[in-house]
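Dear colleague,

My notes on it follow.

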Amino acid sequence: MNKNLPKWVDLGLIPLLTLFLAFAVSGLVVMSIGQNPIEVVRVMIQGAFNPFGIGHTLYFTTNFIFTGLAVAVAFHARLFNIGGEGQAGIAGVGVTLIMLSVDWPHWTVALVAGTVAAMAFGAAWAAIPAYLQAKRGSHIVITTIMFNLIATAVVGYLLVGPLQAEGSLPESPKFPDGAALPTLHDILGVVGIEFDRFAPVNISFFLALIAALLVWILIWKTRLGYEMRAFGHSERAAVYAGISPMKITMVAMLISGALSGMMAVNTVQGEAERLVLGAVEGAGFIGIAVALMGRSHPVGVLLAAFLFGILTQGGAELQFALGIPAQMITVIQALIIMFTGSLENMVRIPLEKIFLNTGKRGQA
Amino acid sequence: MSEVTENAGRLDAVAPAIELIGISKAFGPVQANKDISMTVAKGAIHGIVGENGAGKSTLMSILYGFYKADKGSVKIDGAPTVISDSHDAIAAGIGMVHQHFMLVENFTVLENVILGAEDGATLGSSRRRARKELKELADEYELDVNPDAVIEDISVGFQQRVEILKALYRQAEILILDEPTGVLTPDEADHLFRILRNLKEQGKTIVIITHKLREIMDVTDSVSVMRRGEMTKTIATATTSPEDLAEAMVGRRVLLEVDKKPAVVGETVMEVRDLSVTDIHGVKKLKHVSLELKRGEILGIAGVAGNGQSELLEVISGIGAATSGEVLMHGESIDVSKHANAQLRRHRGISHVPEDRHQRGLVMPFMTWENTAFGYHNEPEYSGKFGLANQKYMLEDARGKMERFDIRPVIPTLVAHHFSGGNQQKIVLAREIERNPDVLLIGQPTRGVDIGAIEFIHQQIVNLRDAGKAILLVSVELDEIQALSDRILVMFDGVIQGERMPEDTNEGELGLLMAGVDPEAQS
């Protein structure tokens, strides 16, 4: 029924109000452990935006842009890809394999190779559930969840086996120096702007922005995007128009997996410069919330990813400055996901009443 | 003594069964009902006619408690009654038979009847009571249904009887039927009307919502006409005519007949040979169907919905696969396997206006310019560089189609579900007809379309025929088949039951064929 709401209400007011509600409830939770919510917000904002923090905030934002776009693209074809976690994990393996196989002469070549490897491995990991859905009708939600578990196990095995560096830590050898990506410090340094030397944010951030632009073009400007949206709205209509459900399911999931995979360029190649255990850190799941909150629109995804970036970094600061347990920030994130994802109608229906003056009680 | 006077008092002033007073209802800017007052006498059959979107269903939904009126009040049997949900409606003795039945498909008739009216924790007593009562109702009103039959195994005609039984079981005194004959054969419709007359004799009050004027004339005592949310006319049926009602509905004189010259039939364009379809459950939907379609003719396929017409259209249009048989286009065989692609069909000169425009013909959240290219979006004129769509051309093209087919408002960026049923259908029609196909497949061309647009759509179909194209028309509206077709095939249970020329047949004969009876074999 969102067809009749003004756009600014649908895309602006509703997310803001749900966010406000989520924060209000979070405030109550914070008060219940004896902390002052206003102080908590101050610390979070400060932690996320101070010269040290912003570098981390943008680093997390980069991850969430990739995984958020991944969910959004699949969602336009009405496919719920919740396998971002596994796709990014396996993409990390791909990046590691290629980085360790060549002594990279220059970061530009390494970036291209790393990106291609990440996309290919992420897409390949999405391809199997996609094929099972398209050919056999196995539900993609179930299969992608299973594939997350398998990916975790595969990565875990590789890091204590074939890919393990010397020593006892479950991590791969460090990549050659030529593979290191320029950080924001390096990039801004060229134009004479000072930026924190130790911040993990790197050139992948710009890769993420480009990916968002390309997704926007794909969805709204290309014939493939048109076919994906048609299929997403009505499979019967798609078949009538001669659009192959098999093809769209495969293509949408491959693109989605590739986008999830690109996150590994940021974390594995850009930050850790080696594969470590748990490199994805739940970003695949946060991508679902980011896409839901961003209404599967690239601009919305950018904004939502930034919000979750702030929460992640600000949350770390909370732990540091106020001794609030890390679980508390997970609670706040969960509240946001719950309010934006599943309790949206709590805000939407009253707003529809206000704006449309309907008193609808049921379906006619 | 006191009982007698009480009864006498009630008899003196027989209050109307339903009295609606000043009902208004708006959905946002749309005024669905404007200050409507209506009275239905006790024991009468009252019809409500009007085009789609005239507000008939809204009005009845208010009476049944689905919507809350912004203004106005309701009296049932003279007593002011507040109906805020369907429980209140049932308590007030109102039963409703929806256009789309509200039955649990895998429950038996008996289980459906008691659903929501069970008493006690176990079903035993409810079952026994319902079984006894169904027997009585069946005897009284010609409402025979096997109480142990499972809903999905019985015909729609019987399913409808179950809906009526459900209402009667809940002690309904007032029965509202929304488009009750849409899915029935003429024979089944006649039976329904007999049931309704029986109910009326027993003092029940009946309200029928329909767009079929002939039914109104046949069965109702009085009729109300709605137009654009207002009740324009309420009149005794005996004193009016279909033409007058149509005029009151549309607001102008309407041509109820189709104006067409005799067909100039040419050579065969398409041939269907021995086509069979078995669905995934192993049910034979189409059994060895053969037919020929010639240039310059409209071949009408009559039949009750679900007798194989949809499968026939789907196979020819490349949506569904045939199990066996073939389709020839200009003498050349075309792919009817599961690998068939609807886009390739279009290249073969076959265009398709599908039966279900909401699910198939249009993508409802798409803008008009996206819909006017739908299915043809990979054609060179719609394609830009690098896989991009040529949006500039698509917009221009949409605007042209909207102007030529009188699709209003002419805003190519408007989303499909903002248009009326008639305008939506014209979007599909414009897209398919302007491709200048050799064969046009068209299913239910005027379902859910207002009378004014029906006239236009019929004219477009006839024009295409006069341009020497071949048209395969599938419709469950017998009137439409008779008015448009140059030749009629009747389908029943997946086979072609008979072929007739429209001038040599009548509704009775076609109705028998639709029910699977061959009148010639009988006599």
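In these notes, contact means heavy atoms within 4.5 Å. On that basis, 42 residues from chain B and 30 residues from chain A take part in the contact. This is a predicted model, in which local features need pLDDT of at least 70 and side-chain atom pairs count only at pLDDT 80 or more, while totals for chains, interfaces and linings use all residues. Residues are numbered from 1 along each chain as its sequence is written, chains are lettered from A in the order in which they are written, and side-chain values use heavy atoms, with hydrogens and water left out.

The buried area (accessible area, 1.4 Å probe, lost on putting the two parts together, summed over both) is about 3000 Å² between chain B and chain A, and carbon and sulfur atoms give 52% of it. Two salt bridges (a side-chain nitrogen of Lys or Arg within 4 Å of a carboxyl oxygen of Asp or Glu) are counted between the chains. In a salt bridge, B:Glu370 meets A:Arg229 at 2.8 Å, N to O.

Chain B also holds an open sheet of six strands with mixed pairing, in the order S16-S17-S18-S13-S19-S20. Strands here are DSSP runs (E, at least two residues), numbered from the N terminus, and two strands pair if DSSP finds at least two bridges between them. Strands S16 (350-353) and S20 (495-500) of chain B are at the edges, each with a single partner strand, so one side of each has no neighbour in the sheet. S16(B) runs parallel to S17(B) (residues 439-443), joined by four bridges; B:Val353 has B:Ile442 as its bridge partner in S17(B).

Yours sincerely
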